[in-house]
Amino acid sequence: MATEADPKKLSWADQMENEDNADDLTLFPLPPRQVIGPDENGIKKVIEYKFNEAGNMVKVTSTFHVRKVGTKMRKGAIERRSWAKFGDAVDEEVGSRITMVSTEEIFLERSMVKGREVDETKAREALGRLGKRAGFLMSCRTCGKKYDHFTCRCPYKDLAPQSEPLKHERPSSEDGAAAFSETSKNSYVPPSTREGAKKIIGTDMRRRNEENSIRVTNLSLDAQESDLHELFRPFGPIARVFVAPDYRTRLNRGFAFVSFVKKEDAERAINSLNGYGYDNLILKVEWSLPRSK
Amino acid sequence: MRPILMKGHERPLTFLKYNRDGDLLFSCAKDHTPTVWFADNGERLGTYRGHNGAVWTCDVSRDSSRLITGSADQTVKLWNVQTGAQLYTFNFGSPARSVDFAVGDKLAVITTDPFMELTPAIHVKRIARDPNEQTEESVLVIKGPQGRINRAVWGPLNKTIISAGEDAVTRIWDSETGKMLRESDKESGHKKTITSLAKSADGSHFLTGSLDKSAKLWDTRTLTLIKTYVTERPVNAVAMSPLLDHVVLGGGQDASAVTTTDHRAGKFEAKFYDKILQEEIGGVKGHFGPINALAFNPDGKSFSSGGEDGYVRLHHFDPDYFNIKI
């Protein structure tokens, strides 16, 4: 049965249909706002109902801790509170920003007591020692000492680097590895620490990387590894990027090392990026080792 | 805590002083206009207009009716705290660096800088109850120290005057005769200019802060060195908590360190030390420039700091401040 389209007297069902925003629920009243007054602990709860953006009814419960702070004021102080303003304070507008409450919360930052500092350095040392044994083998190729220092830090830097033996080692490495694996112990020895040429290849790669390493200084403090990777990638494949971190501030110390796979790429990177303006600082890019040509 | 920032001064702050009841805070700055604020919410009450030079120091009488200020314009002025009206002007031949009311507010000690031919001096002036009867004459003038006398205060019961200054020596003078009674020991004393001095609430000991990056605690009667607090920055301001055994040092930055340090904003801090253990408790950061003035509210529950950045920061302590344990 067709109902008369009387604009004034539409039934609520028709109204719902006609409305553009079908989810207008203002017809259904919201429950009233409830305030559960401060109890003996000073906890006050306010329960409100409202509509969120999706049009759903939402119950919002706010919990307050009400604390009355009473201060005793001297008689004179109370009197002074009602003094008239004078001097430059007379013509102060209501919205003047002479006095503002800080937006940040400031805390009394406890300083690291000396005892704690010592523990931190001890922990770092222990970690370093662990790293030497467990993860990588810190061996120096120039003087052959293990667990002591990296090649680039070798005190005997002027010893000739071994470049010849590597070419010979490579073809025999497979045989070497096979031979050794038969005589290995019962426990599994991972390839990186197995005796044989594999290790040498590893060091070969690493040493090559050291030679192809460039040092970037005057680096902007918030530069990340990815930024440097992006910056240097156009010159060629990168083997490794190391950004020196400052553990206290979580920023970097302003310098980094980038190791290319190919030396010519590193050279080109130095020539192009030295003096390049990056994030408002002029970069200094040079070989990380003293020029060993 | 949420510090209240008060930016009423256009130039660096030089001195901060609370009144005895702890409801008013007086600030002096290089902008010629000392200002008074309400100490609970930092609302500005008024300014004292009249000086023609940087205002280095101020003190307020016990009943908070009179304010005395010393300025680089070679005058010391007496003001009515409530109305801001000038009551009297003392004229000197050189900038006034420090003022202090005596117990009873009948006398004031004023120090003047060395200027041209004038040597630095400590003046004692009588303060009359009625400003109309005020005279210019000095009760006593003490000369002797070389270099600027940055601070001179009254000792217990007004019997002595304690002075400290650019020559890094702390001295105790007899307030009636002007004779020097004691001098701090050269080896144990400060090595560089003493910039600030703060007395304890009961006057039995006082603290001096110096550009040699340390602050020292001395006994008022015997001038023996009790404690030393070491920081990494030259100390510009010192304050002692009247409630807990805490000492606060505020400082600047060595000129040589300016280019090499981290320039993060808001890094200048007021360092808290345990008075007895001499150990650092922590710091309250926030100022954008070296801290030049520190003052504790007499109730010990809040303190304020004034910096080179022209801001006065008023801090009301959180409840856990009072539970700090080393």
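Okay, let's start with a pair of strands in chain A: strand β6, residues 213–217, and strand β8, residues 252–260, pair in the antiparallel sense over 5 bridges. Strands here are DSSP runs of E with at least two residues, helices are runs of H or I with at least four, and both are numbered from the N terminus. Two strands count as paired if DSSP finds at least two bridges between them.

Before I go on, this is a predicted model, where local features need pLDDT of at least 70, side-chain atom pairs count only at pLDDT 80 or more, and totals for chains, interfaces and linings use all residues. Residues are numbered from 1 along each chain as its sequence is written, chains are lettered from A and ligands numbered from 1 in the order in which they are written, and side-chain values use heavy atoms, with hydrogens and water left out.

Back to that pair. Who faces T217(A) in β8(A)? That would be F255(A). Zooming out, β6 and β8 belong to an open sheet of 4 strands in chain A, in the order β7-β8-β6-β11, with antiparallel pairing. At the edges sit β7 (238–245) and β11 (284–287) of chain A, each pairing on one side only. From one strand to the next, the twist averages 20°.

Two helices lie across this sheet. Helix α6, residues 225–232 of chain A, lies across β6, β7, β8 and β11, and runs at about 140° to β7(A). Helix α7, residues 263–273 of chain A, lies across β6, β8 and β11, at about 150° to β11(A). For those angles, axes are lines fitted to C-alpha atoms, for helices over the stretch in contact, and angles run from 0 to 180 degrees between N-to-C directions. Contact, by the way, means heavy atoms within 4.5 Å.

The term means a side-chain nitrogen of Lys or Arg within 4 Å of a carboxyl oxygen of Asp or Glu. D265(A) is buried, at a relative accessible area of 5%, while R268(A) is partly exposed at 43%. Buried means under 20% relative accessible area, exposed means over 50%, and partly exposed is in between, using a 1.4 Å probe and protein chains only.

Now chain B. How many helices and strands does chain B have? Chain B has 0 helices and 28 strands. Of its 326 residues, 59% count as buried. Take strand β12, residues 121–126 of chain B, where 5 of the 6 residues are buried. On one hand, 6 bridges join β12(B) to strand β11, residues 107–112 of chain B, and the two run antiparallel. There, I110(B) has H123(B) as its bridge partner. On the other hand, β12(B) pairs with strand β13, residues 138–143 of chain B, again in the antiparallel sense, over 5 bridges. In that pairing, V124(B) is partnered by L140(B).

So how do the chains meet? The contact takes 50 residues from chain B and 29 residues from chain A. Together they bury about 3,500 Å², 51% of it on carbon and sulfur atoms; buried area is the accessible area (1.4 Å probe) that two parts lose on being put together, summed over both.

R81(A) is partly exposed at 28% relative accessibility, and D40(B) is partly exposed at 39%.

Last stop, inside chain B: the side chains of K285(B) and E269(B) meet in a salt bridge at 4.0 Å, N to O. K285(B) lies in strand β25 (residues 280–287) and E269(B) in strand β24 (residues 268–274), so the pair ties together parts that are 16 residues apart in sequence. Salt bridges that share partners join E109(A), E269(B), K271(B), E280(B) and K285(B) into one network.
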